[in-house]
Amino acid sequence: MIVITGASDGLGLQLARLYQEAGKKVVNISRRPCKYADVNIELSLREGPDIKKAADAVTALDDEIEAIVYCAGVLSVQPLGEIDESEIKRLMSTNVKSQILLTSYLLERIEHDVADIVCVSSTVGTKAYLDQAVYGASKWAVRGFAKNLQEEFRNKANRVISFCPGGFESKIFEKATGKSNQDFTHWMKAEDVARFMKQILDLPKNMEVSEVIVNRKAIK
Ligand SMILES: NC(=O)c1ccc[n+]([C@@H]2O[C@H](COP(=O)([O-])OP(=O)(O)OC[C@H]3O[C@@H](n4cnc5c(N)ncnc54)[C@H](OP(=O)(O)O)[C@@H]3O)[C@@H](O)[C@H]2O)c1
């Protein structure tokens, strides 16, 4: 089975669709359900006790975990000078803590099943954008966590992929800003990014794409 956090929308939803089409059992963890998932663990991944509940629900499933994909994430756009602590907590908890704690709680299963792990960061985790200090810091942290995991699994067969996509079409911006007029011209499609992620996971187990940066290109 494939465990995906944040498969109710965006990239995770498209990945769930691809795995369902491929005949895999899909387990989603998010507040809202995913229509392509066989199992929906409907919880927020923000607070520790709920993250533990989600891990326990995954542990209770008998199927082998082939991969865990950490897609769940939130964006924040706040100019420096207007950043508040609650926003830092929201971003760091949802984007970073959930990946670390889920991995830690599920470690025994991850090792037993030789599950692969995909940590979804962003191209902003390799550079910076104005007004995205908190989001950027969370995505740099995700890359740092992925790097650390690669060290933890150095002598094991588990693959750890730090996945850093550029802008793709989704509602993450609308959710963060309340504006629905985002211009997606030249942005990637979530389904294309999901297909690429699956292609990486489908490679032979002795090939770990340790980090991948996918930039969007303008087409003339
Ligand atoms: N879109 C882009 O341009 C872009 C670029 C680079 C990286 N990324 C990253 O790619 C990932 C997916 O982004 P997306 O654009 O597909 O976003 P999206 O469409 O807004 O989907 C976000 C997903 O995260 C889940 N989520 C958010 N808060 C959660 C919480 N507290 N507990 C559990 N699940 C939660 C949402 O589910 P519920 O609301 O149902 O809980 C939803 O399924 C994110 O990590 C994002 O940072 C996106």
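A residue is called buried here if 20 or more other C-beta atoms lie within 10 Å of its own, exposed if 12 or fewer, and partly exposed in between, with C-beta atoms placed from the backbone. Residues are numbered from 1 along each chain as its sequence is written. The model is predicted: local features need pLDDT of at least 70, side-chain atom pairs count only at pLDDT 80 or more, and totals for chains, interfaces and linings use all residues.

## Strand β4

β4 is covered on both faces. Ala67 and Val69 on one side are buried, as are Ile68 and Tyr70 on the other. In a regular strand the side chains alternate between the two faces of the sheet.

Helices (H or I, at least four residues) and strands (E, at least two) are DSSP runs, numbered from the N terminus. Two strands pair if DSSP finds at least two bridges between them. β1 (residues 2–5) and β4 (residues 67–70) pair in the parallel sense over four bridges. Isoleucine 2 has alanine 67 of β4 as its bridge partner, and isoleucine 4 stands opposite valine 69 in β4. β4 also pairs with β5 in the parallel sense, again over four bridges; here valine 69 has valine 118 of β5 as its bridge partner.

## The sheet and its helices

These strands belong to an open sheet of seven strands with parallel pairing, in the order β3-β2-β1-β4-β5-β6-β7. β3 (39–42) and β7 (211–214) stand at the edges with a single partner strand each, so one side of each has no neighbour in the sheet. On average, neighbouring strands of this sheet are turned by 15° against each other, direction ignored. Axes are lines fitted to C-alpha atoms, for helices over the stretch in contact, and angles run from 0 to 180 degrees between N-to-C directions.

Two residues are in contact if their C-beta atoms, placed from the backbone, lie within 7 Å. Helix α1 (residues 10–21) packs on the sheet and touches β1, β2 (26–30), β4 and β5 (116–120). The direction of α1 makes about 165° with that of β1. Helix α5 (residues 133–152) also packs on the sheet, touching β5 and β6 (160–165), and its direction makes about 160° with that of β6.

## Nonpolar cores

A nonpolar core is a set of buried Ala, Val, Leu, Ile, Met, Phe, Trp, Tyr and Cys residues joined through C-beta atoms within 7 Å. The largest has 52 residues, of which Leu15, Ala16 and Val118 touch the most other members. α1 gives the most to this core, with five residues.

Apart from its neighbours within four places in sequence, valine 118 is in contact with Ala67, Val69, Tyr70, Ile161, Phe163 and Met197. A second, separate core has five residues, among them Leu75, Val134, Tyr135 and Ile172.

## Around the ligand

There are 27 residues around the ligand, and Gly6, Gly10, Arg31, Gly73 and Ser170 come nearest. A residue is near a molecule if its C-beta atom, placed from the backbone, lies within 6 Å of it. α1 and α6 (172–177) each supply at least two residues of this shell, and the largest share, three residues, comes from α1.

## Positive phi in two loops

Most residues other than glycine have a negative phi, and most peptide bonds are trans. Valine 114 has a positive phi, near 50°, and lies in the loop between α4 (107–113) and β5. Valine 114 counts as partly exposed because it has 15 C-beta neighbours inside 10 Å.

Histidine 186 has a positive phi near 75° and is placed in the loop between α6 and α7 (190–202). Histidine 186 counts as exposed because it has 11 C-beta neighbours inside 10 Å.
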